[in-house]
There are 2 protein chains.
Amino acid sequence: MAAQQPTVFSPITFSKYSNRVLLKTLLDTTDGGLSFVGQKLVVGGWVKSSKEVIRDAPPAPAPADSLPPKLNKDVSCIEIIQSRIPIVRSLLKMLYGNNLHGGEKLDTPVHKPPLPSTAFLAINDGSCVASLQVVVESSLHHPTHLLPTGTCILVEGVLKQVPVPGKHVVRLEVEKILHVGKVEQEKYPLSQKKLPMDFLRKFSYFRPRTTTVASVTRIRSALTFANHTFFQNNSFLYVQLPTITTTDSEGFSEKFHVTTLAGKGKRVESTEDKEPDGLSLETVKAAITEKSNLVKELERSESNREALVAAVQDLKKTNELALQLEAREKSKSKSRKDKVIPGNFLPQETYLTVSGQLHLETYACALGNVYSCGPRFRADKIESAKHAAEMWMVEVEIAFAELKDAMNCADDLVKFLSKWVLEHCMDDMKFVQKRIDKTSIHRLESIISCSFEKVSYTAAIEILEKATDQKSQHLKKLKFGAALTADHLSYLADTIFKKPVIVYNYPKETKPFNVRLNDDGKTVAAFDVVLPKGGVVISGSQKEERLDVLMTRMKEMGLPREQYEWYLEIQRHGTVKHSGFSLAFDRFVLFTTGLTDIKDVIPFPRSFGKVIN
Amino acid sequence: MAAQQPTVFSPITFSKYSNRVLLKTLLDTTDGGLSFVGQKLVVGGWVKSSKEVIRDAPPAPAPADSLPPKLNKDVSCIEIIQSRIPIVRSLLKMLYGNNLHGGEKLDTPVHKPPLPSTAFLAINDGSCVASLQVVVESSLHHPTHLLPTGTCILVEGVLKQVPVPGKHVVRLEVEKILHVGKVEQEKYPLSQKKLPMDFLRKFSYFRPRTTTVASVTRIRSALTFANHTFFQNNSFLYVQLPTITTTDSEGFSEKFHVTTLAGKGKRVESTEDKEPDGLSLETVKAAITEKSNLVKELERSESNREALVAAVQDLKKTNELALQLEAREKSKSKSRKDKVIPGNFLPQETYLTVSGQLHLETYACALGNVYSCGPRFRADKIESAKHAAEMWMVEVEIAFAELKDAMNCADDLVKFLSKWVLEHCMDDMKFVQKRIDKTSIHRLESIISCSFEKVSYTAAIEILEKATDQKSQHLKKLKFGAALTADHLSYLADTIFKKPVIVYNYPKETKPFNVRLNDDGKTVAAFDVVLPKGGVVISGSQKEERLDVLMTRMKEMGLPREQYEWYLEIQRHGTVKHSGFSLAFDRFVLFTTGLTDIKDVIPFPRSFGKVIN
């Protein structure tokens, strides 16, 4: 009995939480979706490109329950470029009316009803690079509302094999329109094709609809999960670190203030008001001379804003310190009570965190292997393609670990991430390779297979000195103690070794107070991982676990001890060797995709002077 | 030949990035580590508890290459409680000298060398709940430096079966001390046992060394990974949303200002200066009357600070709006240019994000299924066990999805997370059950197996009205339009249904502007998921995709349109139905662990008026 009844197709939905099939379910298959041919499906997405094919003769009225008439590929037709539809369409109507097309007289009325046509829409739903061709007869929906790029549709139809397989092997022949989200084409910023990346930055809320930013987003998402997978597989615990902080390990950056008092006209005191501990004015003045020289040197080299900004900040802080010390000599009346900020949400002055380093260390010194990912902030007023005010960092800290352990972990992580992207995002990487950077897949492959070159800072200086003698005149000569600029480091990876390089054991002046002092008394156990064409993506170090050495370093650098008292407690009670690093996540995405501006890989970038959404 | 040579044990290291075996590798096994007996291992960790056993007679000097002498369990011995070691040890020496112990004369010199003894240390490295017993002879290291709680040790030794298996079946007999990180016992805040949670909050940098906070951290870490796994398995893309923002969907909370101008004495303008669009003073004054009544009602009920604060804020905003409108009527000279803040890092006034909602929607309306996790901020000056200024939210948005789809996704997520914790953190959950909440495992199990009760707001009001008639006199009577307090919602889950409840279709006044208006014109498609003993952990909604309806809602609520212009663009071009929700991640951890204060599950909590590290 049941066999005699007509087969009732109910549309298949493979997406669990929306009434549609994700396109990747159909198209990310070895046969390109052929195995689904004949099935009734619901799909949704946004129109990427479209064309309208107008038939010479109107189709015979279709019976209510039959499929829409198939497009006869042999009839004479006009393909309309979507980006000019309204104009072209009206022009066309005039032309048709004037019988300029093929010499045949049309028996369709020109103005009402409209010319019967078929809309061919390439739609994408963000689940994969590929688009699906969707075919809609004009009898179902007015083509003008479907054709503009960016139009959103949800449609039900039957998947068919395309008559002449090309880019697509299947297409959906639509039977029912479930939703149309129109586009005001003249006002839609993505109506044009191939828009430059810097134009798209003004439309951070629209740009994921472009193929490039969609691919970047998928790669970014995969890399986030790869990060978690790597650390969870290696028995690391994830720790959420605070965004609102009072202290940081760096001291090299400008910070954003966080307050509930802004707009109330009250003055918020700055940390610079804090009194440093046990420093003489003489020591500080000597430091000023030394630091001024470094700034001058960096200004001459002109190659690295990052190092220069750091040096200028450092000098500025030392100058302020000197002023404070002078003031203190005049009046020692200030008590710590003065620092409490009345009326504010928190009683202290607070900032957006520059680094989760110190907080993460306290968890490593209790739980062993820990990691974190979160936004970190710098308010340095520079415009740069490698910096944004808000960047995500993956921070790692390992107890009972020395410098080499952290280096090995960083090495493994970079390889794991590279491999993951090739395994999980190959279609996106192929797109990236085609459109952005021809070497992107090759670069990841070579990272996976090579062993990272390890060079001490001292050896790096020697190598760079020789190299600058020979060919790279733009790289200034270096002597021990100088900060290596991003250009220097990239030169090592790009030109000298042509593979990832780890530079380690830096002069202590160039690194934060809590990096472990080496036995030579001059260098500290810090390292940087530099990727060819990627620059520095990881910075790490072994931390100072010896309380006395740590306190001496803090004095040398003029840090206010009371602010770090809680951090010193970790070294005072149950101290342990520990090492770690931080990965500039956004820079790794930049490296992976081959894009050149960090603002193009961050969903909603925040950078100096730019209006944000 | 090889067989005749003595076996050379080289210490096994199973931890990839530190020179030691993670304790969970040994102890999280079905045999409790027996399969590793006889192996030479390096382990590290912090002393959780200890005792010293002093022998009557000094051991015969051990040959250099032999194992240390085993403790003879039969000899008369004195166990010393670690927390009073220094005093007890000196007392003991005096007692020994006075021959008060067992009547036997000691032939060991009392003061030098010290009495030979064996230290039994339970150490933990954070990788699992269980501790390992480590046995150190006093000939290897002075026990006084090993015994205090919190001491860090790295030791090499041979794993042995314990003579009388109890809590432990294996222990490490130490041959070499590789590191000792001492504790200044009098100053170490964790020297005492069983410290109350609120005491520990003052030491956020030390408390992961306690078993409770360590377990919470492991559960939290597992839940973070479970979240990512759930969404990645279901083809969701992860999107990092910005922390620094200008807009938010809520408007119900106080915000933190972000600025680089604080301390420079300049006035930062507040958003309240912005001019609302197209509102009459009359409308606003009517709204003030209505909102004042709501505040009065909530004040009477005293049950829910959250709702009250929201209502007060709302009223405050409306009042400010009225003042602005009055001012505007006097002078219409202000231009938009005035809002630009000269000298600031960003040219607009910026805040810490309250919700990533709006930004996430733009990605859903391009890529389909998206999610995010990150810190979100509220500066409401309230002290609460359920709120912190900085909380992590998991935000989800699904294109082509309606309210029911988002509810189903939320339901699946809660079940997935609950199951994951039981599968991956059973030892921690057993500890939690023993120490914190006897019902915690049962609660997770029942969530996995039950179907969530779905109740409309209107039905919930009716149910609560009947219930309040009968037994719960403390729950005030409700009528349509009233905000459901946390107490009301919990009553539904805890008492009425005794399982998770989803309440949906709220009065439009109680939800943000972008929640989709239902056909009745009164309610909106919002929902909350309430867990028994967990309260509201998820809030979600279908978003308004109809541009005209959205703009009307914004006008009704007096929102400044120019601030949301970018958001409206999404509905203007290629709009689509979309739905989502946000999970208060910290509250879910609170629910899982059975703890009562949110500050105990956040690594470094930030809350009103509290000094932070």
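**Exercise 1. In this predicted model, find the buried residues of helix H10 (residues 440-449) of chain B, and work out how they are placed around the helix.**

Step 1. Start with the burial cut-off: a residue counts as buried if 20 or more other C-beta atoms lie within 10 Å of its own. In H10(B), the buried residues are Ser440(B), Leu444(B) and Ile447(B).

Step 2. Look down the axis. These residues cover an arc of only 60 degrees, so they lie on the same side of H10(B).

Step 3. Turn to the other side of H10(B), where His442(B) and Ser449(B) are exposed.

Step 4. Now see what does the covering. Over the buried residues of H10(B) you will find, among others, helix H8 (403-424), helix H9 (426-435), strand E15 (523-531) and helix H15 (585-593) of chain B.

**Exercise 2. Trace the open sheet of 8 strands in chain A and find what packs on it.**

Step 1. Write down the strand order: E7-E11-E12-E17-E16-E15-E14-E13 in chain A, with mixed pairing. As a reminder, strands of a sheet pair through backbone hydrogen bonds, either parallel or antiparallel.

Step 2. Strand E7 (237-238) and strand E13 (453-456) of chain A each pair on one side only, which makes them the edge strands.

Step 3. Zoom in on one pair. Strand E12 (residues 390-399) and strand E17 (residues 578-584) of chain A run antiparallel and are joined by 7 bridges. Within this pair, Ile398(A) has Ser579(A) of E17(A) as its bridge partner.

**Exercise 3. Describe how chain A and chain B meet.**

Step 1. Count both sides: 99 residues of chain A are in contact with 98 residues of chain B.

Step 2. Ask which element of chain B gives the most to its side. That is helix H4 (residues 211-233) of chain B, with 8 residues.

Step 3. Sort the chain B side by class: 46 residues are nonpolar, 36 polar and 16 charged.

Definitions and conventions: Residues numbered from 1 in each chain as written. Chains lettered and ligands numbered in written order. Predicted model: local features only at pLDDT ≥ 70, side-chain atom pairs only at ≥ 80, totals over all residues. Contact = placed C-beta atoms within 7 Å. Helix = DSSP H or I, 4+ residues; strand = E, 2+ residues; numbered from the N terminus. Nonpolar A, V, L, I, M, F, W, Y, C, P; charged D, E, K, R; others polar. Pairing = 2+ DSSP bridges. Axes fitted to C-alpha atoms, helices over the stretch in contact; angles between N-to-C directions. Buried ≥ 20, exposed ≤ 12 C-beta atoms within 10 Å, placed from the backbone. Arc of directions from axis to C-beta.
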